[in-house]
Amino acid sequence: MTMQTDSIVNEAELKRYLYSEMSDDERAETEEKLFLDDELFFEATNLENALVDDYVRNNLSGEELTRFERSLQLVPERQQKVANAVALQEYIVGERENEPVTITIAEQTVWQKLADLFTIRTPTFGYGMAGLLLMLTFLSVFLVLDNGRKTTELARLQGEQQNIQELEKQLADLNGREGELQKQIDGERETSGDLSEELQQEKTRREQIERELARLKKQNEIVPPTQRNPIIATFILFPTGGGKGGNDGEIKDLAVGRETKRIAVQLGLPDSVKSGERFSVNLNTRPIARNLAARAAGNGRKTIQLTILPADLQEGPNRLGVTNTAGSEVSRYIFNFQKK
């Protein structure tokens, strides 16, 4: 779980990003780098997957364990990734049920110690703790709903801000173009008729942009953005049964917000696949990726990684097929897609 020291973002900085320990400015700068650099983005994805695997296997300790468990509260989506890792580990154990099994007594985690602290020892203590837990549950639900609403609004405002910057650039270009046309009219009277018409079109376009810019700025003043949120969704699929290593027996759901611009997909491959083998991927029978190399994940399973645009997915069931260089399908996956 190491990275090149000359990377744009080193491992220590990626961990601060994954653990939500960065300031708003640092987080925005890091996400911009991840969005522009696919290799760096997959390094961050692999690092997060490795941390989740280490946590599930009780390989984290000390400060690393404390930082990871704190991030579970700051990044609720990571709790689902932990659940997926547990499911994957159970699947691997099931595949190797004929091998000798070694039982290891894991050291108690901070959560287990916290659960022991709240063990009911008397009826009075039990009633008090039940009331406290109920109140904390209601508070958690409220915070999750409020955070989701704010996340959606901030993502919308971020898109509006980008539109404002683009319109301001177009307006500056049009102002320069208008000046050039005016000079041509003054210097070439014989062609003033055509240039005057072109100048009027430029003025009309500029007025439209100015009105749109004013509308967006006014709308953007309602709730100024205070932080940036990820615009990249991650989705992991791995074989859980069915023909040719597909997940036909269990169809997963993928729901993304309308502000999501890209979906990073990691596909688990059959155990017979070796590192370095090359594959192509079809989405609903249409080729979307070629010459992808299989990589070994932290748990030893071979995977391939690719990105998909939400616009390429259809509402409802979607099918991914993985073929080798000989054109034979080695694995397939079916999932439901929905935009929130």
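Predicted model: local features only at pLDDT ≥ 70, side-chain atom pairs only at ≥ 80, totals over all residues.
User: How many helices and strands are in the protein chain, and what makes a run count as one?

Analyst: The protein chain has 8 helices and 9 strands. Both are DSSP runs numbered from the N terminus: helices are H or I with at least four residues, strands are E with at least two.

User: Why is E160 called buried?

Analyst: Buried means under 20% relative accessible area, exposed means over 50%, and partly exposed is in between (1.4 Å probe, protein chains only). E160 has a relative accessible area of 14%, so E160 is buried. E160 belongs to helix α7, residues 123-187. Its C-alpha is 6.6 Å from that of L216, although 56 residues separate E160 and L216 in sequence.

User: Which share of contacts joins residues at least 24 apart?

Analyst: Contact means heavy atoms within 4.5 Å. Among contacts between residues at least 6 apart in sequence, 65% join residues at least 24 apart.

User: Why are α1 and α2 called roughly perpendicular?

Analyst: Helix α1 (residues 11-18) and helix α2 (residues 24-36) pack at an angle of about 115°, with axes 11 Å apart. Axes are lines fitted to C-alpha atoms, for helices over the stretch in contact, and angles run from 0 to 180 degrees between N-to-C directions. Angles under 35 degrees count as roughly parallel, over 145 as roughly antiparallel, 65 to 115 as roughly perpendicular and the rest as oblique. The pair α1 and α2 is therefore roughly perpendicular. The contact involves L14, R16 and Y17 of α1, together with E26, R27, T30, E31 and L34 of α2.

User: How do the residues of the contact of α1 with α2 divide by class?

Analyst: The contact of α1 with α2 has 3 nonpolar, 1 polar and 4 charged residues. Ala, Val, Leu, Ile, Met, Phe, Trp, Tyr, Cys and Pro count as nonpolar, Asp, Glu, Lys and Arg as charged, and the others, Gly among them, as polar.

User: What makes α1 and α3 roughly perpendicular?

Analyst: Helix α1 and helix α3 (residues 38-56) pack at about 70°, with their axes 10 Å apart. The two are therefore roughly perpendicular to each other. On the α1 side the contact uses E11, L14, K15 and L18, and on the α3 side A44, L47, E48 and L51. By class, the contact of α1 with α3 holds 5 nonpolar, no polar and 3 charged residues.

User: Why are α3 and α4 described as roughly perpendicular?

Analyst: Their axes come within 11 Å and cross at roughly 105°. Helices α3 and α4 are therefore roughly perpendicular to each other. L51, V52 and Y55 of α3 meet E64, L65, F68, E69 and L72 of α4. The contact of α3 with α4 has 6 nonpolar, no polar and 2 charged residues.

User: What is the phi of N58, and why is N58 called partly exposed?

Analyst: N58 has a positive phi of about 60° although N58 is not a glycine. Most residues other than glycine have a negative phi. N58 sits in the loop between α3 and α4 (62-74). Its relative accessible area is 36%, so N58 is partly exposed.

User: Why does N284 get the label partly exposed?

Analyst: N284 has a relative accessible area of 24%, so the label is partly exposed. N284 lies in the loop between β4 (278-283) and β5 (286-293). N284 has a positive phi of about 55° and is not a glycine.

User: Is S280 buried or exposed?

Analyst: S280, in strand β4, is buried because its relative accessible area is 18%. Apart from neighbours within four places in sequence, S280 is in contact with A289, R290, N291, G321, V322 and T323.

Conventions: Residues numbered from 1 in each chain as written. Heavy atoms only, no water.
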